[in-house]
Amino acid sequence: MKVLIPSALHSYTRSSQAEASGSTLDALLSDLDRQYPGIRFRMIDEQQQVRRHIRLFVNGVSADALSQTLQPDDDVVIVQALSGG
Amino acid sequence: MTSTALLVATRKGAWIFRSDSGRAGWSVDGPHFLGHVISHLVLDPRDRTTLLAAAKTGHLGPTIFRSTDWGRSWQESVQPPAFAKAPEGETGRAVDHTFWLTPAHSNEPDVWYAGTSPQGLFRSADGGVTWCGFSSINDDPHFRAWMGSEKDGTPDGPKLHSIIVDPRDPAHLYFGMSGGGVHESLDGGETWQVLIAGMNVVEGYGFDAANPMFHDPHCLRLCPSNPDRLYQQNHCGIYRLDRPSTSWLRIGKNMPGEVGDIGFTMTVHPRDDKTAWVLPMDGTEVWPRTSPGGKPAVYVTQDAGASWQRQDAGMPKEQAWWTVKRQAMCCDSHDPLGLYFGTTSGELWMSRDEGRNWACIARHLPEIYAVEAVVL
């Protein structure tokens, strides 16, 4: 499925959009990490929590948990939230 | 002819300044990682080639970058410092940023140590590509209690810092925790001893000076010319420790009373264990963390702390409210020694004559977090 990538992570993907697959958000982010090593840890910490200034949206709705299931035609958007000056 | 390089880490990126041994003029290379928070940029003194940069951004989690071509290209750590995953149902810790980087002993090529915020100690055995935590620190209940919570640390998070390797013994390590005291290992980090005797705690609150939790060492330095001597700038004064003693002596009592002995950074002379420099700051009332009275100065001791002399020639005489963070003052190894510091207001200052005269060599940088000088 298509994943919209925020500018802060373009150093990994070299693009604002990536293709990745997974039946859950967790699996999708792992697939992104397989393609772009290191990208997951910049978004998800070692306790498997989404970092403070990262937000994940599925079909326009904020996702609360990495266990959220995905369908192949879902749109996933990764957003860099406000983080100060 | 030797060259001198300054590795400058800032809140918004990193810069490398270069000069010859005369250090009269400087060229600038940067920014590297514009917009990234760079806590420390360190050259490996063993191969004099590998640079490690501790990085994060406002949005993204922490990582470490590595370069072997002086920053023309960077590779990210495959496994940056990270705490162990907490058991199900428990709340674990997550590294916010790597704060401190220390190359290990000269007999241990590719080994590095890292200190993080929240406090953790990590080791790499492959030049910074992968990192593993010290369970003897990061998961130890005593250390966890001494670390306190995020409310107990510095404004941008409690830090493990000042990781020091005894140049005579790769297994002899020291580090400091803000807060949490000073600690020493003689077995490469398997076991640790507390090293806080003689250190004061904040008065008036009934804090137990025997509890590491109440101690806040800001910066530890070991004298290369005498590895049995350490100096410390602490939240509560300036200290010296001469091993095998385990009791720190508060040499800051000999500072001028109107200046006091509060600050963050400290630098020791590489060839003279009686000479060290501090850069005092205002630690009164609400802790302004500025130069005292808006009049910055370095203070030097040349008798191991028995007396201190003000060195401010060339610095602003009034209305200069910056200060210097704990990693942001250092020296090179030339003779006469060059001293350097970077300010919270983004100025880079140097002295070519061991502190007698100062000049500003760069302005308008972001807030400077760390400065390291290397002679190549």
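Which residues does Val8(B) touch, not counting residues up to four places away in sequence? They are Ala14(B), Trp15(B), Phe17(B), Gly342(B), Leu348(B), Leu365(B), Ile368(B) and Val371(B), where two residues are in contact if their C-beta atoms, placed from the backbone, lie within 7 Å.

This is a predicted model, in which local features need pLDDT of at least 70 and side-chain atom pairs count only at pLDDT 80 or more, while totals for chains, interfaces and linings use all residues. Residues are numbered from 1 along each chain as its sequence is written, and chains are lettered from A and ligands numbered from 1 in the order in which they are written.

Val8(B) belongs to the largest nonpolar core, which has 98 residues; Val8(B) is named with Leu7(B), Ile38(B), Leu41(B), Ala53(B), Tyr340(B) and Val371(B) as touching the most other members. Apart from this core lies another, of 21 residues, among them Val3(A), Ala8(A), Ala20(A) and Ile39(A). A nonpolar core is a set of buried Ala, Val, Leu, Ile, Met, Phe, Trp, Tyr and Cys residues joined through C-beta atoms within 7 Å. A residue is buried if 20 or more other C-beta atoms lie within 10 Å of its own, the C-beta atoms being placed from the backbone.

Chain A has three helices and five strands, in the order β-α-β-α-α-β-β-β from the N terminus on. Helices (H or I, at least four residues) and strands (E, at least two) are DSSP runs, numbered from the N terminus. Buried residues make up 27% of the 85 residues in chain A.

Two strands pair if DSSP finds at least two bridges between them.

In chain A, strand E1 (residues 2–4) and strand E5 (residues 76–80) pair in the parallel sense over two bridges, and Leu4(A) has Val77(A) as its bridge partner in E5(A). In chain B, strand E21 (residues 276–280) and strand E22 (residues 298–301) pair in the antiparallel sense over three bridges; there, Tyr299(B) in E22(B) is the bridge partner of Val278(B).

The two chains also meet: 16 residues of chain A are in contact with 15 residues of chain B. Helix H3 (residues 39–43) of chain A gives the most to the side of chain A that touches chain B, with three residues.

Terms used:
A residue is buried if 20 or more other C-beta atoms lie within 10 Å of its own, exposed if 12 or fewer, and partly exposed in between; C-beta atoms are placed from the backbone.
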